[in-house]
Amino acid sequence: MKRIYNNLLSAKKEQRKKFAVLIDPDKLHLKDVDYIIKLGKEAAVDSFFIGGSLVVNDALDEIILTIKKHCDIPVVLFPGSSRQLSYKADALLFLSLISGRNPELLIGKHVETAPFLKISPLEIISTGYMLIDGGVPTSVSYMSNTLPIPADKDSIAVCTAIAGEMLGLKLIYMDAGSGAQRPINTSMIEAVSTAIDIPLIVGGGIRTPEQAKANIKAGADIIVVGNAIEKDPNLILELAAAVHEG
């Protein structure tokens, strides 16, 4: 029932780093999905994250079904709103925006979706979502009506992550947001990773294998890349290799 999360725990214990490709249904055309899947299989990608800040089209289910048809790589929903739900995925990151002070995204939307998720076949993974300043305003900060944690305030990020873990959240997800000018500082990643015992996901602004490797060495357990892959899908091979080599 908790095979994806248990796998993440085992990987953290064994120091096996993981790489996830983020697919935004609003940005990736269905005709491109097959190529992404092909590269994902070749690179032994650990999971596909599906979601975005808006998702204004109806391609969510179709993308998930296409992935499931061609490979057995886990599909994890990374919802930007309560409307981005599908029984067809394997798991869902139940995101609580703990870096912000918007009550709707701390607990409000969760109350609305809880009955749906309770009866769903999805593996629900409670996740503390922390938005970190990536140098430019992002869709996430605009849509969530929250301010990101300043890029140089490691102590705020650490205290926020510790609070999330103490509240019982199972993952911490630090994100600079899609299209971030810069990735999260390795000093912040190291500080947060050292302070918590649960798996740490890092994403946003990662464009090169060198950046992915630096984040891994700093303590990230899972690296997520979306925007750079939308521009150059072939990066999947290099990024996955950099992450898996550790």
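Modeller: One term before we start: helices (H or I, at least four residues) and strands (E, at least two) are DSSP runs, numbered from the N terminus. This is a predicted model: local features need pLDDT of at least 70, side-chain atom pairs count only at pLDDT 80 or more, and totals for chains, interfaces and linings use all residues. Residues are numbered from 1 along each chain as its sequence is written, and side-chain values use heavy atoms, with hydrogens and water left out.

Colleague: Fine. Where is glycine 226?

Modeller: Glycine 226 lies in the loop between strand E8 (222-225) and helix H9 (227-231).

Colleague: Is glycine 226 buried or exposed?

Modeller: Glycine 226 is buried, because its relative accessibility is 9%. Buried means under 20% relative accessible area, exposed over 50%, partly exposed in between (1.4 Å probe, protein chains only).

Colleague: Which residues does the UniProt "binding site" annotation cover?

Modeller: The unreviewed UniProt entry lists Gly226 and Asn227, and also Gly204, Gly205 and the run Tyr173, Met174, Asp175, Ala176, Gly177, Ser178 and Gly179. UniProt positions are given in the numbering used here, feature names are shortened, and annotations may be inferred rather than shown by experiment.

Colleague: And where is glycine 204?

Modeller: In the loop between strand E7 (200-203) and helix H8 (209-218). Glycine 204 counts as buried because its relative accessible area is 15%.

Colleague: What does glycine 204 touch?

Modeller: Not counting residues up to four places away in sequence, its contacts include Asp175, Ala176, Gly177 and Val224. Contact means heavy atoms within 4.5 Å.

Colleague: Zoom out. How do the strands run?

Modeller: They form a closed barrel of eight, E1-E2-E3-E4-E5-E6-E7-E8, with parallel pairing. The twist averages 30° from one strand to the next. Axes are lines fitted to C-alpha atoms, for helices over the stretch in contact, and angles run from 0 to 180 degrees between N-to-C directions.

Colleague: How many bridges between E6 and E7?

Modeller: Four, in the parallel sense, with E6 spanning residues 171-175. Two strands pair if DSSP finds at least two bridges between them. Tyrosine 173 has isoleucine 201 in E7 as its bridge partner.

Colleague: New topic. What's going on at arginine 16?

Modeller: Arginine 16 sits in the loop between helix H1 (3-13) and E1. Its relative accessible area is 37%, so arginine 16 is partly exposed. Leaving aside neighbours within four places in sequence, arginine 16 is in contact with Asn7, Ser10 and Ala11.
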